[in-house]
Amino acid sequence: MFEYRAFLIKYAEIGVKGKNRYLFEDALVGQIANSLKKIEGNYKVYKQPGRVFVEAGKSDIDYDGALDALKRVMGILHICPVYIAETTDLDKAYEEAVNYIGECYPTESFTFKVMAKRSDKKMPKTSPEISAEIGGLILEKYGDRLTVDVKNPDKFITIEFRDKAYIYSETIKGEGGMPIGTAGKAMCLLSGGIDSPVAAYMMARRGVKVEAVYFHAPPYTSERAKQKVVDLARLTARYAGNIKLYVVNFTDIQLAIYEKCPHDELTIIMRRYMMKIAEDLAKKDECFGLVTGESIGQVASQTMQSLLTTNAVCELPVYRPVICFDKQDIINISQRIGTFETSILPFEDCCTIFVAEHPVTKPLLSKIEKDERKLDDVIDELYKKTMESIEVINCEPMEVE
């Protein structure tokens, strides 16, 4: 197998940015470099107009590990393993391109099309002329097994002339989106279910730096339930970067709601207090909004009326990336990003422990607010105690075999 020692990185949306485009490019370069820190090899990451390049130099390289890491970097549209020819001389570049085909595909038969690109338009030949001449040389040497197909080739043989000649023939899909942090920061309510890790991932894909809050209810929820959420945060961090996870002991507030409020309203009132706590943490950390994994109609607390009622306690916007997704749509994403198997482990969170037998599905905000006043004699002290006992866990990306 041909040993690639470099990658050409293509991005999409960054390319349409205006005068601040360099900020997005620099963020992408930094995140690529960070993603490769634990991968074998001494990688150099640098940018050129419209492209980012990763070179391994002369050190040993873990090609599969590097490629896997790059696939999870937000902002990358395509990853092209590339051979770098140390020349811009056309004759030498032609020779390098022909040799590249022989070394990379020593026995395969396929159709191809050559695509040449020039950053210097003053080169003595045009891109179509260069493409035709390289294609002719490839046919001359390997015509017994390779043929040209300009409409629907099996492979595009691309050569980009910049400071050097960059030759590649494979394009691997990246995550797309925007580099993490370029769109601000948000606080995600992370449960042990399938939906909220997917919501966090989707916000990260749009360049949002994600923090998270988990509501724990010991002894009604176990330490294993808490560890499950930590594991989900670490799995999500493979795409979203390190996640600061706030673990909130919610037991006392839940018990007070259970004792003093109508049981059919338990889920809605508990949800409203979760949103209040999450918003306080979000404001403290200068987040621009909350994120949840709610999907319309999935459960009683996710009807339009219920969402209106929970939204009413928030000043910050609430982002719901999966709001219109079918459950199977969400499952498909969770399987792709590797959170599904952990999400379905049988450890219940605090929401499922205190669910009423017949929860209200069309709550009236005025009635909910009236019933919440039954907590007035205890809630301030409980809220203060809860906020003072919060545990903070830094969740780094989990290494997966």
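The model is a predicted one, in which local features need pLDDT of at least 70 and side-chain atom pairs count only at pLDDT 80 or more, while totals for chains, interfaces and linings use all residues. Residues are numbered from 1 along each chain as its sequence is written, and side-chain values use heavy atoms, with hydrogens and water left out.

Strand 14 (residues 290-291) runs parallel to strand 15, joined by 2 bridges, and Val291 has Tyr319 of strand 15 as its bridge partner.

Helix 8 also packs against helix 14 (residues 379-388), at an angle of about 50° and with the axes 12 Å apart. The two helices are therefore oblique to each other, given that angles under 35 degrees count as roughly parallel, over 145 as roughly antiparallel, 65 to 115 as roughly perpendicular and the rest as oblique. Their crossing is right-handed, meaning that the near helix is turned clockwise from the far one by less than a right angle. On the helix 8 side, Tyr273, Lys276, Ile277, Asp280 and Leu281 meet Ile379, Tyr383, Thr386 and Met387 of helix 14, contact being heavy atoms within 4.5 Å. These contact residues divide into 6 nonpolar, 1 polar and 2 charged (Ala, Val, Leu, Ile, Met, Phe, Trp, Tyr, Cys and Pro count as nonpolar, Asp, Glu, Lys and Arg as charged, and the others, Gly among them, as polar).

Turning to the other sheet, 5 strands form an open, antiparallel arrangement in the order 2-3-1-4-10. Strand 2 and strand 10 (172-173) are the edge strands, each pairing on one side only. Strand 1 (residues 6-10) and strand 4 (residues 78-81) are antiparallel and share 4 bridges, with Lys10 opposite His78. Helix 1 (residues 21-35) packs on this sheet, where it touches strand 1, strand 2 and strand 3, at about 160° to strand 2. Helix 2 (residues 63-71) packs on the sheet too, touching strand 1, strand 4 and strand 10, and makes about 15° with strand 1.

Strand 2 (residues 44-48) and strand 3 (residues 51-55) run antiparallel, joined by 5 bridges. Lys47 stands opposite Val52 of strand 3. The pair forms a hairpin with 2 residues between the strands, and Gly50 in the turn has a positive phi of about 80°.

Finally, helix 3 (residues 90-104) packs with helix 4 (residues 127-142) at about 45°, their axes 10 Å apart, which makes helix 3 oblique to helix 4. This crossing is right-handed. Among the contact residues are Leu90, Tyr94 and Ala97 of helix 3 and Ile130, Glu133 and Ile134 of helix 4.

Technical notes. Axes fitted to C-alpha atoms, helices over the stretch in contact; angles between N-to-C directions. Pairing = 2+ DSSP bridges.
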